[in-house]
Amino acid sequence: MIASMTAFAQVSQGSFTWSIRSLNHRNLEMSFRLPEACSSLEPKCRELAREYLSRGKLDCTLRIVNEGDEIGNGVNVDLLQSLNKDLETVNEHVATNQEVSALDILRWPGVVEKTYSLETGKADEILDLFVTGIAELESVRKREGQDIYGVFLEKLQSIQSMLEHIKTLAQNQSTHVQAKLEQRISKLGVQIDAERLAVEVAMMAQRADVDEEIDRLHIHLEEFQKRLEEDGAHGRRLNFLVQEISREANTLSTKMVVPECINMTVDLKVAVDQIREQVQNIE
């Protein structure tokens, strides 16, 4: 069953809390915010995440409350950089002779943090909790995927129904082609013998034949639904298939001459675009 790449999970145990957010991305990209004492755990966390996930942008944050032995003070570099950007913005818009010293910045709440050493045996506890968080994230992604699956089925059934209707109406393509050709000839005020007209109508009707496009659309739609039913990460394959479906739908639209079919191909392309938007969320 398909899974979404957009999800959030938060798990806590004792003094540890993991917050993990997942967004769309063509590959698996991870960023970690860890206390200094836990920075050595990042490679193992990356390895564990790859066992569960194959695509998505992960933001993983570990928070520790009063854990370990205090060993000194540290500077929150992220907050420091944010404050520096804010100061630059203020200086651009407000004329002031006041200077901000390093000591003023260090006094800002949160810039200076207490640093701790990790107690013996806590690393495994943190890693186990991370696995729990990743498993929860995967579960949320699958639930989101189930919702998207329902949207896909609705759109696929709608497209199949439109194709059947278009195929029936398209049987009158040659009649409409002949009527349009005769109308043009009449406006030009020229005479064309019946045999020449029949040849022209046959050629134009052949170019307007849509059976091949409809057959290919059915094949791509069936393959799309088949992938939806299978386990695994099929996002890239589904994205390729929806591109092919869109291409055939555009070709079908340009060939139609029956007015009702022309309007229906617009609805068809709208449905395909809606599927394309949702495919971007699939792992």
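Colleague: How many aromatic pairs does the structure hold?

Modeller: The structure, which is a predicted model, holds four aromatic pairs. One of them is formed by Phe32 and Phe130, with 5.9 Å centre to centre and 45° between the planes.

Colleague: Why is the pair of Phe32 and Phe130 called tilted?

Modeller: Rings pair if their centres lie within 6.5 Å, and planes under 30 degrees apart count as stacked while those over 60 count as edge-to-face. The rings of Phe32 and Phe130 are 5.9 Å apart centre to centre, with 45° between the planes, so the pair is neither stacked nor edge-to-face and is therefore called tilted.

Colleague: What makes this pair a tie between parts that are apart in sequence?

Modeller: Phe32 belongs to strand 3 (residues 28–33) and Phe130 to helix 4, so the pair ties together parts that are 98 residues apart in sequence. Phe32 and Phe130 also form one aromatic cluster with Trp18.

Colleague: How do you know whether Phe32 and Phe130 are buried or exposed?

Modeller: Buried means under 20% relative accessible area. Phe32 has a relative accessible area of 15% and therefore counts as buried, and Phe130, with 0%, is buried as well.

Colleague: Why is Gln10 called partly exposed?

Modeller: The term applies between the limits of under 20% for buried and over 50% for exposed. Gln10, which lies in strand 1 (residues 7–13), has 45% relative accessibility and therefore counts as partly exposed.

Colleague: What makes the approach of the side chains of Gln10 and Ser19 a polar contact?

Modeller: A polar contact is a pair of N or O atoms within 3.5 Å, one able to donate a hydrogen and the other to accept it. The side chain of Gln10 meets the side chain of Ser19 at 2.8 Å, and the pair is therefore listed as a polar contact. Leaving aside neighbours within four places in sequence, Gln10 is in contact with Thr17, Trp18, Ser19 and Arg63. Gln10 and Arg21, for their part, are 11 residues apart in sequence and 8.6 Å apart in space, C-alpha to C-alpha.

Colleague: How do you know whether Glu248 is buried or exposed?

Modeller: Glu248, in helix 8, has 8% relative accessibility and, since buried means under 20%, it counts as buried. The side chain of Glu248 makes a polar contact with the side chain of Arg216 at 2.7 Å. Apart from neighbours within four places in sequence, Glu248 is in contact with Glu213, Arg216, Leu217 and His220.

Colleague: Why is Arg141 called buried, and which residues does Arg141 touch?

Modeller: Arg141 has its place in helix 4, and its relative accessible area of 1% is under the limit of 20%, so Arg141 is buried. Not counting residues up to four places away in sequence, Arg141 touches Ala3, Ser4, Met5, Ala7, Ser22, Leu53, Arg55, Gly56, Leu58 and Glu283.

Colleague: What makes Val140 buried?

Modeller: Val140, also found in helix 4, has a relative accessible area of 13%, which is under 20%, and is therefore called buried. Val140 is in contact with Ala7 and Phe8, leaving aside neighbours within four places in sequence. Val140 and Ser4 are 136 residues apart in sequence and 8.3 Å apart in space, C-alpha to C-alpha.

Colleague: Which residues touch the most other members of the largest nonpolar core?

Modeller: In this core of 34 residues, they are Phe152, Ile159, Leu163, Phe224, Leu228, Leu252 and Ile275. Two or more residues come from each of helix 4 (122–169), helix 7 (211–229), helix 8 (235–255) and helix 9 (259–279), and helix 4 gives the most, with 10 residues. Phe152 touches Ile2, Phe224, Leu228, Ile275, Gln278, Val279 and Ile282, not counting residues up to four places away in sequence. A second, separate core of 24 residues includes Ala7, Cys38, Leu41 and Ile134.

Colleague: How do you know where the prediction calls for caution?

Modeller: The mean pLDDT of the protein chain is 83, and 76% of its residues reach 70 or more. Over residues 67–72, however, pLDDT stays under 50, although the model has 21 contacts for them beyond four places in sequence. Where pLDDT is low, the predicted coordinates should not be read in detail.

Key:
Residues numbered from 1 in each chain as written. Predicted model: local features only at pLDDT ≥ 70, side-chain atom pairs only at ≥ 80, totals over all residues. Heavy atoms only, no water. Core = buried A, V, L, I, M, F, W, Y, C linked by side-chain atoms within 4.5 Å. Buried < 20%, exposed > 50% of the residue type's maximum accessible area, 1.4 Å probe, protein only. Helix = DSSP H or I, 4+ residues; strand = E, 2+ residues; numbered from the N terminus. Contact = heavy atoms within 4.5 Å. Phe/Tyr/Trp six-rings, centres within 6.5 Å; stacked < 30°, edge-to-face > 60°. pLDDT = per-residue confidence, 0-100.
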